[in-house]
Amino acid sequence: MNNIINGTEIAKIIKDEIKKNIEDLQGKKPCLAVVIVGDDYASHVYVKNKNKACEYVGIKSDTYFLDTNITEQDLLTLIEKLNNDDNVNGILVQLPLPNHINEKNILLKINPLKDVDGFHPYNIGMLSTNNSMLKSCTPAGCIELLKRYNVDIKGKNALVIGRSNIVGKPLSMMLLNEDATVTTAHTKTKNLEYLTKQADIIIVAIGVANFLKPHMIKEGAILIDVGMNRDNDKLCGDIDFSCSQKASLITPVPGGVGPMTITMLMKNCLIAYKIQNNMNV
Ligand code: NAP
């Protein structure tokens, strides 16, 4: 049995669905504004990939390349301008920002209805009350992969390892919203191996190469690997891929969760466009 989740294939299917949806807007195109400060190499690569995805699905993308020395006030002024521009449906500020800029102030400034990253406290609050429309992209991508592989999440023991604001915490809330019984683990968790052995679904988002080993999981567990690490210059995840011998489903790295993140961003841009134009989402 092929138990490898093909994130690249699922991402392509979803992008084609989004593309079709945008074609149905009869010439109108959602617009995403991407703001990038400084010259962080990884950020520039991400932005290039985002622009490529936008072009594929038919989203207009405007990128603002800003000098690394821009003041926080000038950045806030630009966001205010984008908030007030009816032609802009989504705003994404590429993280990390330089140290002299307070990330929290910037994210708070983005109009929650244009917050396509789903990081604004309004959207996190909506998620925690199971009312959210704009969800953080990577966790939403993990849930989408499970659903597209017909995993019945309801009632499952789901373990999320990692509790960051951008992945672990929203993921735990999303799994709870899907009626899983959720445990969130972190560096202070005691006897993690006891928890991993009980879990039907394990999602690892910690940034530690090959952390989850086969002896830590039960036979037939479903494993989702969010991690992106370099091991001897080779890209690898947080799950030792030899776990695939015991898992019923597993995402590879690369080609698992990775391609889903930008895809869910495209989906959020379309949702934001629809919300702003009083259309059914
Ligand atoms: P982060 O902000 O550094 O958070 C890491 C989390 O993992 C923290 O909650 C930390 O616990 C926990 N942790 C670290 N080591 C642990 C251990 N040994 N045992 C248990 N918990 C541990 O990381 P992040 O931004 O969530 O990213 C996590 C990974 O996902 C990284 O590899 C990142 O590159 C990757 N990522 C991938 C995508 C994608 O598109 N595929 C998107 C985002 C992130 P404490 O809270 O106790 O410190």
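Domain bounds here come from an automatic or database domain assignment, and the chain is divided into domain 1 (26–111) and domain 2 (137–258). This is a predicted model, in which local features need pLDDT of at least 70 and side-chain atom pairs count only at pLDDT 80 or more, while totals for chains, interfaces and linings use all residues. Residues are numbered from 1 along each chain as its sequence is written, and side-chain values use heavy atoms, with hydrogens and water left out.

**View 1. The largest nonpolar core.** A nonpolar core is a set of buried Ala, Val, Leu, Ile, Met, Phe, Trp, Tyr and Cys residues joined through side-chain atoms within 4.5 Å, where buried means under 20% relative accessible area, exposed over 50% and partly exposed in between (1.4 Å probe, protein chains only). Among the 53 residues of the largest such core, L32, L175 and M266 touch the most other members.

**View 2. The salt bridge between E144 and R148.** A salt bridge is a side-chain nitrogen of Lys or Arg within 4 Å of a carboxyl oxygen of Asp or Glu, and in this one the closest N and O atoms of E144 and R148 are 2.9 Å apart. E144 counts as buried at 14% relative accessibility, whereas R148, at 30%, counts as partly exposed. E144 and R148 also belong to a network of salt bridges that includes E17 and K267.

**View 3. K19 and the ring of Y56.** K19 lies over the face of Y56, at 4.7 Å from the ring centre, the rule being that NZ of Lys or CZ of Arg is within 6 Å of the ring centre and within 35 degrees of the ring normal.
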